[in-house]
Amino acid sequence: MLNTTTLEILFIALAIYLSHLLALRPELTRARGGKIVGFLALCVLPAAASWTGFSEQMDRSKQTQFCLSCHIMSDHGRSLYRDDLSYLPAAHFQNNRIPREVVCYTCHTTYTLYGPLQSKLEGLRHLYVQYLGTPPKPAEIKLYSPYNNRECLHCHDGSRSFEEASGHSDPDVLQQIKSNEVSCLACHDQVHDVGSLADATFWKEPQ
Amino acid sequence: MALLPMERRLRLAGWTISAGLLIQLLTLLWVHPLAFVAFLMIGTPLVAVGAAYYLYFLILGSPREPIREPMKDEVS
């Protein structure tokens, strides 16, 4: 069975074939049918193929594999396997609280590509620094803006375990958390902490 | 066979579009931020420029081609 990506690649290949054919034999458009084929091959199909490819690229950019494909992020990837569930990313990843294939995007929804224009430009700057500049050490990587509670609340808000947890039971505190006045990370402050990975032990995922 | 001016433009548009689509196709074989950037900044603009070039001459028309006198052996 062909998967979606294969179908998209085949579709783009068809568009390439037809545009290539017209580049080689433009005289085919002299006939009425050729003009229609020309319009399809040089306008409709390329536009559709580009949109298909763009959609696939957007989906891929949410994948954990995409984020960790830059060497500088490999420590952040390793932190997901830390054998200490007091660390939020490890607990969420290892217990399947978030989909593993899109683990970065699930908790960083406004990062680079998916944020406003400023975030997109920052994403391009990351590429520039990675390949043409001096990349920082992984432990020095910081978020541009404070972590927004919205990223936690889009799963936890309304859940019994969250609302009734001892630290959240005070209605005022709960309100402050929900309005982002008090950061979740003020108490749950063990996140990636890649600077301490050298001393950490790691969970081995069963095969 | 000699090409008409419109066909020469069509050929150029075809090459530009197929080059752009080929780059788009190659970027789909690699999951990496650079592939995404190549798709967006090289492949897509090539396709857009090729399609716009084709549409421009299709809609606005090419400069009028000179009317060629029929040659003797073409006259029956």
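## Chain A: helices from end to end

Chain A of this predicted model has 10 helices and zero strands. Read from the N terminus on, its elements go α-α-α-α-α-α-α-α-α-α. The radius of gyration of chain A is 24 Å, well over the 17 Å that the globule rule gives for 207 residues, so chain A is more spread out than a compact globule.

How much of chain A is buried? Buried residues make up 18% of its 207 residues. As for contacts in chain A with a separation of 6 or more, 57% of them are between residues 24 or more positions apart.

## Chain B: the partner

Chain B has two helices and zero strands. It has 76 residues, and 33% of them count as buried. Among the contacts in chain B with a separation of 6 or more, residues 24 or more positions apart account for 68%.

The model as a whole scores ipTM 0.78 and pTM 0.80. A word of caution goes with any prediction: where pLDDT is low, the predicted coordinates should not be read in detail.

Start with H1(A), which covers residues 4–24. This helix has 21 residues and reaches 30 Å from its first C-alpha to its last, close to the 30 Å expected at 1.5 Å a residue.

Which residues of H1(A) are buried? They are A:Ile9, A:Ile12, A:Ala15, A:Ile16, A:Leu18, A:Ser19, A:Leu22 and A:Ala23. While you trace them, keep a bit of helix geometry in mind: an α-helix has 3.6 residues a turn, so residues three or four places apart point the same way. And what covers the buried residues of H1(A)? The cover includes helix H2 (32–60) of chain A together with helix H1 (5–27) of chain B.

## Where the two chains meet

Across the meeting place, 31 residues of chain A are in contact with 27 residues of chain B. On the chain A side, H1, H2 and helix H3 (64–67) each supply at least two residues. The largest share of that side, 11 residues, comes from H2(A). Sort the residues of the chain A side by type and you get 16 nonpolar, 11 polar and four charged.

The largest nonpolar core has 22 residues. Those with the most contacts inside this core are A:Ile12, A:Ala15, A:Leu22, A:Leu42, B:Ile17, B:Leu21 and B:Leu25. Two or more residues each come from H1 and H2 of chain A, and likewise from H1 and helix H2 (33–59) of chain B. H1(A) gives the most to this core, with seven residues. Apart from this core lies another, of nine residues, among them A:Leu88, A:Phe93, A:Val103 and A:Cys104.

## Zooming in on A:Phe93

A:Phe93, one of the residues of the nine-residue core, lies in helix H5 (residues 88–94) of chain A. Is it buried or exposed? A:Phe93 counts as buried because it has 24 C-beta neighbours inside 10 Å, and the cut-off for buried is 20 or more.

Not counting residues up to four places away in sequence, A:Phe93 touches A:Leu80, A:Ile98, A:Arg100 and A:Val103. A:Ser79 is 14 residues away from A:Phe93 along the chain, and the C-alpha atoms of the two are separated by 9.8 Å.

Most residues other than glycine have a negative phi. A:Asn96 is not a glycine, yet it has a positive phi of about 55°. You'll find A:Asn96 in the loop between H5 and helix H6 (103–107) of chain A. With 8 C-beta neighbours inside 10 Å, A:Asn96 counts as exposed.

A:Asn180 also has a positive phi, near 70°. This residue is found in the segment after helix H10 (171–178) of chain A. A:Asn180 has 14 C-beta neighbours inside 10 Å, so it counts as partly exposed.

Technical notes:
Residues numbered from 1 in each chain as written. Chains lettered and ligands numbered in written order. Predicted model: local features only at pLDDT ≥ 70, side-chain atom pairs only at ≥ 80, totals over all residues. Helix = DSSP H or I, 4+ residues; strand = E, 2+ residues; numbered from the N terminus. Expected span 1.5 Å × (residues − 1). Buried ≥ 20, exposed ≤ 12 C-beta atoms within 10 Å, placed from the backbone. Contact = placed C-beta atoms within 7 Å. Nonpolar A, V, L, I, M, F, W, Y, C, P; charged D, E, K, R; others polar. Core = buried A, V, L, I, M, F, W, Y, C linked by C-beta atoms within 7 Å. Rg over C-alpha atoms; globule rule 2.2 N^0.38 Å.
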